[in-house]
Structure formats: structure tokens, C-alpha cells
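I open a notebook on a structure that is new to me. I want to look up its cavities first, then its aromatic rings.

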Amino acid sequence: MGKHVVVGSGQVGTHLARKLLQQGHEVTVVTRSGSGPDGARKVAADVADRERLTEVTRGADVLYNCVNPQYHRWLTDWPPMAASFLAAAEATGAVLAILGNLYPYGPVAAPITEDLPLASTSPKAQVRARMWTDALAAHEAGRIRVTEVRGSDYYGPGASDQSYLGDRFLVPLRAGRPVMLPWPADMPHSWTYLPDVAEALIVAGSDERAWGRAWHVPTAEPLTFREIGERMAALLGCPPPRLVTLPWPVVRAAGLFSSMLGELRHVRYQFVAPYVLDSSAFQRTFGVVPTTIEQGLKATLDG
């Protein structure tokens, strides 16, 4: 069994740490508060402190970047933290496994594959793109070993309160009330199951075939909000929910008073046209298939 350092204990980091512990690994979880699941060694540290992160990472096989600063703070918080991860990976020899996302691709008109250019013009997405290109350059120079896994919008047990399919969707659905949406209800969209994200990180961090490139997390077929609601309602044995899409001007106006809602303008393109993730490369290379939508939704409701 190996030693693994998981930085971040949010919706992905928690799943990842628990899965590693179940596999018998030694797991250290690093957060600013020192939180983490039972069974893990918990360390309170500032991730941007490269000396401290290097100290914690010594002897580790894999260092996982599962940190997720508040979206409106990406421009200020990500650069020093990204530099700290690179420094710790180079100093210790641990494989750096990065939890990425799809934002750097920008708007696309076809299924999203890993070979698409990171063409987004959004400053926040460009920060994430630079994180990957800097890490890849260090890998190609022989300074580190790195990989990145990218998923679409997350769902599943333990999803954060910002998840589109979390409590904001489930609570009114269970109560038979209308479900309010900021996006159209009938646009196909890919949804990535949280335990599958953790599994992809473990595979990518431990298999040298994954190093030196980015991968998409195994993700099931795209579904609309309406299809998700209908399938959840069927599992609960209740009528399909009534979905109400808020007018975009109303959402924009609310964004003046809520930083979270204010950031939605940056991702609107993902929901007003089909947004489909192609994860066939990972599935074909590593023999890993996504959890079915039926299994994932049932676990979400049970969780």
C-alpha cells in the first residue's frame, strides 16, 4: 500500500480520501482547518505555503490537488497555490494528480474531447489553463510527473450546496414543489458522478500511462434537467416535478447581490446549448466505465 496526500476535503477530496482508505492506503488530508474523514491523518496548512506542503508531501506516492477556491477568487488564490503544488511535487518526487474542469475549453459545438484547444477567453478559465500548461511544461522538462482529470458538473452523495442536482433540486422535488432553475430544462448536459471522479484520480495518479496528459472522467450519457427530474421522481414513486426556468435578466439582476449568482454569466454557454463530455479515451485506456445514471441517481437520493 502507498502513501497519498489529498489536499482539499470538499465534495471530491472527501470521496477520494475515503476510497483510498478503503483500499488500505496511508492517507494524509491537508486543509486550512485541519478537517477530513475519519481514518486519515489530518493536517492544517496554508496550501500556498510551498515549504509546508513539501514537508507534508515527503514520502508520498501521489499528491492530489482537490482544492477549489471560491470562484470569484480564482484570479488571486490559484496562482500561489498552483506554484506550491509544483514545488512540492518537484521536491518530493510525488506524482501530481490535478482535479481540473472543462472551463478552459470555452464554448464548443461538439462533444468535448481532451485534444480540443484550451481556447476560453474568460480570465478565470485562463488561470486554470495556465495551471495545466505550467504543470505539463514541468513534466516535459523531467521535473515532475503530472496528470489532470476533468469532469462535467458533479452530482452524487456528498455533493456541495452549489451542485445543480443537490439540495436546491432535491428538496423541492421531494416536497412536490416547483424546482426553480437558472437554465433551460430541456438542454442535454453531461453530469459526472462524484465517486467516479475519485476513482479516476486514483487510476490516473497510479498508472504511468496517464502521466503527461489530461483525461476526462468516465461520464454517462447526457440528460436534461427534465429527464433527471423524471428519473428521480420515478425512483421516489412521486409525480414528475414541475420545472420553472427563471428568466435570464432576473438571474443577472440577482447576481448583483450574490457573488455565486453573479458568476453564472461565465458558464451560461454550458447550459443554453448541448454540453456533452466525451470520456471514451479514459474508458478505453484504463478499462473503467462510468456509473450508470440509474445507480448514480439512486445513490444521490439515498445519500
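I started with the lining of the largest cavity: Asn-65, Ala-82, Phe-85, Leu-86, Leu-96, Ile-98, Met-131 and Ala-135. The model is predicted, so I note that local features need pLDDT of at least 70, side-chain atom pairs count only at pLDDT 80 or more, and totals for chains, interfaces and linings use all residues. Residues are numbered from 1 along each chain as its sequence is written, and side-chain values use heavy atoms, without hydrogens and water.

**Cavities.** I use "cavity" for a set of points on a 1 Å grid over the protein atoms alone where a 1.4 Å probe fits but cannot get out; lining residues have an atom within 4 Å of a point. Volume is the space filled by probe spheres set on the points. I searched the whole structure and found two cavities of 30 Å³ or more.

The largest has a volume of about 50 Å³. Helix H3 (74–92), strand S5 (95–101) and helix H4 (123–140) each supply at least two of its lining residues. H3 gives the most, with three. Helices (H or I, at least four residues) and strands (E, at least two) are DSSP runs, numbered from the N terminus.

Strand S8 gives the most to its lining, with three residues. I find six nonpolar, no polar and one charged residue there.

**Aromatic pairs.** I count Phe, Tyr and Trp rings (six-membered ring for Trp) as a pair if their centres lie within 6.5 Å; planes under 30 degrees apart are stacked, over 60 edge-to-face, the rest tilted. My search of the whole structure gives 15 pairs. Trp-191 and Phe-225 are edge-to-face, 5.2 Å centre to centre with 65° between the planes. Trp-191 lies in strand S9 (residues 191–193) and Phe-225 in helix H7 (residues 225–236), so this pair ties together parts 34 residues apart in sequence. Both Trp-191 and Phe-225 are buried (under 20% relative accessible area; exposed is over 50%, partly exposed in between; 1.4 Å probe, protein chains only).

Trp-215 and Phe-282 are also edge-to-face, at 6.0 Å and 85°. Trp-215 is in strand S10 (residues 214–216) and Phe-282 in helix H10 (residues 280–286), 67 residues apart.

Conventions:
On a 1 Å grid over the protein atoms alone, a cavity is a set of points where a 1.4 Å probe fits but cannot get out, and a pocket is an open set with protein on both sides within 12 Å along at least five of seven lines; lining residues have an atom within 4 Å of a point. Ala, Val, Leu, Ile, Met, Phe, Trp, Tyr, Cys and Pro count as nonpolar, Asp, Glu, Lys and Arg as charged, and the others, Gly among them, as polar.
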